[in-house]
Amino acid sequence: MTDDIQTKIEALEEQNVRDEQKKGRGGKQRRPKKDAEAKNQRSVSEESLVEKLVSVRRVTKVVKGGKNMRFSALVIVGDGKGKVGYANAKAREVPDAIKKAVGKAKKRFVKVPMKFGKTVHHDVNHYKGSSRVIIRTAKAGTGVIAGGAMRSMFEAVGIHDVVAKGMGTNNSYNVVRSTFNALKMTESPRDVAKRRGLAIQDLNHRRKVLSSKKWIDEVQG
């Protein structure tokens, strides 16, 4: 019985020694390697983000004591692989406003389905206030045919071939908002099949049948 107790005591002492060896200075346990690797991956992913500064303007607020001057920044952030978000923020200095807007945009990421990872699946027309946006698919090698804030949005999301046109207001905020909403409206064949309760093969078959019927009607007519 005494031998068993002695062996248990020795085992506990060895375990305590091992635990003390694992601990670092000040009695704190060292972080495992997995946490360091995750932190490195997070930093690499943040470095790979595409940040586009669309607009910076000076704004003032009239208060009882006078006027408070600040800067407003509109930023688009994307990973170049189908995720994008935008936000605007205000601060007393321009770098602070940009940093705040980037942080807010990262929390508003949405996934945009892309065809072959380069263009949108279908054409989109969207209205937002007095701003109208038309986005059309394009063949490989077409490039980004768009200007201003729309081009920044496409570059951030990772679209390489697209033809787009903005009509109405030239306000950067409205253009960015309408382009963002138009990209959110795009759907892939998989999403449409899931929404309609069909298989992708049936959806493609119906599309081919309808297109062939349309062509026959045009020829006969």
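Is Thr119 buried or exposed? I looked up its accessibility first. At 6% relative accessibility, Thr119 counts as buried (under 20% relative accessible area, with exposed being over 50% and partly exposed in between; 1.4 Å probe, protein chains only).

I noted the basis of the entries. The model is predicted, with local features needing pLDDT of at least 70 and side-chain atom pairs counting only at pLDDT 80 or more, while totals for chains, interfaces and linings use all residues. Residues are numbered from 1 along each chain as its sequence is written, and side-chain values use heavy atoms, leaving out hydrogens and water.

Surroundings of Thr119. I located Thr119 in the loop between β4 (110-111) and β5 (124-128); strands are DSSP runs of E, at least two residues, and helices runs of H or I, at least four, numbered from the N terminus. Beyond neighbours within four places in sequence, I found Thr119 in contact with Met114, Thr137, Ala138, Ile159 and Asp161 (heavy atoms within 4.5 Å). A polar atom of the Thr119 side chain lies 2.7 Å from the backbone oxygen of Asp161.

The sheet. I traced an open sheet of four strands in the order β5-β6-β8-β7, with mixed pairing (strands pair if DSSP finds at least two bridges between them). β5 and β7 (144-145) stand at the edges with a single partner strand each, so one side of each has no neighbour in the sheet. I recorded five bridges between β5 and β6 (residues 131-137), which run antiparallel. Val124 stands opposite Ile135 in β6.

Methods
A polar contact is a pair of N or O atoms within 3.5 Å; within protein, one must be able to donate a hydrogen and the other to accept it, and residues adjacent in sequence count only if both atoms are side-chain atoms.
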